[in-house]
Amino acid sequence: MAKISLIVNGNPVNANVDSRTLLVQFLRENLRLTGTHVGCDTSQCGACVVHLDGKAVKSCTTLAVMADGHEVRTIEGLAADGAPLHPMQEAFREHHGLQCGFCTPGMIMTAVDLVNRKGHDLSDHVIREELEGNLCRCTGYQNIVTSIAAGAKAMAKSA
């Protein structure tokens, strides 16, 4: 067992974990933060994306011990304190960027990271390229792309 200390969604967390525990397992099973989904266990689908020190990572291929001393943000911690939704979440709701919703948390976490890295004025081409590691089995991606573009602009207004 390994002792880890990290910040999850702004809250300090201390735990003893098996050194083989994946971050996604730790979040879902130990902390009951089930918004982070397990879709493939091979880093192919992006349903498990969380932010580690502000950068998007696939938690199905990140060990929990690798998060020791770091900050993790999940979809549950994305909205500002007291706000019902983050601007990107609201954009996905408003522009129908989801169908079944399974991929949505990972898409949103990836989208927020994209905006943080590339800015608020994103072309459809850039958005589609950046979504390469995220799969949706329901949509044709157009509403996801539209949602991300709208969310990026909304994030600029709320900054």
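**A look around the predicted fold**

Serine 147 touches Met88, Ala91, Phe92, His95, His96 and Gly97, leaving out residues up to four places away in sequence; contact here means heavy atoms within 4.5 Å. Serine 147 sits in helix H5, and with 0% relative accessibility it counts as buried. Buried stands for under 20% relative accessible area, exposed for over 50%, and partly exposed for what falls in between, using a 1.4 Å probe and protein chains only.

The model is a predicted one, so local features need pLDDT of at least 70 and side-chain atom pairs count only at pLDDT 80 or more, while totals for chains, interfaces and linings use all residues. Residues are numbered from 1 along each chain as its sequence is written, and side-chain values rest on heavy atoms, with hydrogens and water left out.

Stepping back to the whole protein, there are 5 helices and 5 strands, arranged along the sequence as β-β-α-β-β-β-α-α-α-α. These are DSSP runs numbered from the N terminus, with helices (H or I) of at least four residues and strands (E) of at least two. The C-alpha trace spans about 45 × 30 × 25 Å along its principal axes. For 159 residues, a compact globule would have a radius of gyration near 15 Å, and the protein agrees with its 15 Å; the radius is taken over C-alpha atoms, and the globule rule is 2.2 Å times the number of residues to the power 0.38. Of the 159 residues, 44% count as buried. Among contacts with a separation of 6 or more, 58% come from residues 24 or more positions apart.

What about the inside? The largest nonpolar core holds 23 residues, and Met88, Ile127 and Ile148 touch the most other members. Helix H2 (87–94), helix H3 (104–118) and helix H5 (142–158) each supply at least two residues of this core, with H3 giving the most, 7 residues. A nonpolar core is a set of buried Ala, Val, Leu, Ile, Met, Phe, Trp, Tyr and Cys residues joined through side-chain atoms within 4.5 Å. There is also a second, separate core of 15 residues, which includes Ile4, Val17, Ala64 and Ala67.

Threonine 110 is part of helix H3 and, at 9% relative accessibility, counts as buried. Apart from neighbours within four places in sequence, threonine 110 is in contact with Val49, Glu130, Leu131 and Asn134. Threonine 110 and valine 50 are 60 residues apart in sequence, yet their C-alpha atoms are 7.9 Å apart in space.

Two loop residues have a positive phi without being glycine. Serine 43, with phi near 70°, is in the loop between helix H1 (23–30) and strand S3 (49–52), and its 26% relative accessibility makes it partly exposed. Tyrosine 141, with phi of about 75°, is in the loop between helix H4 (124–130) and H5; at 21% relative accessibility, tyrosine 141 is partly exposed too.
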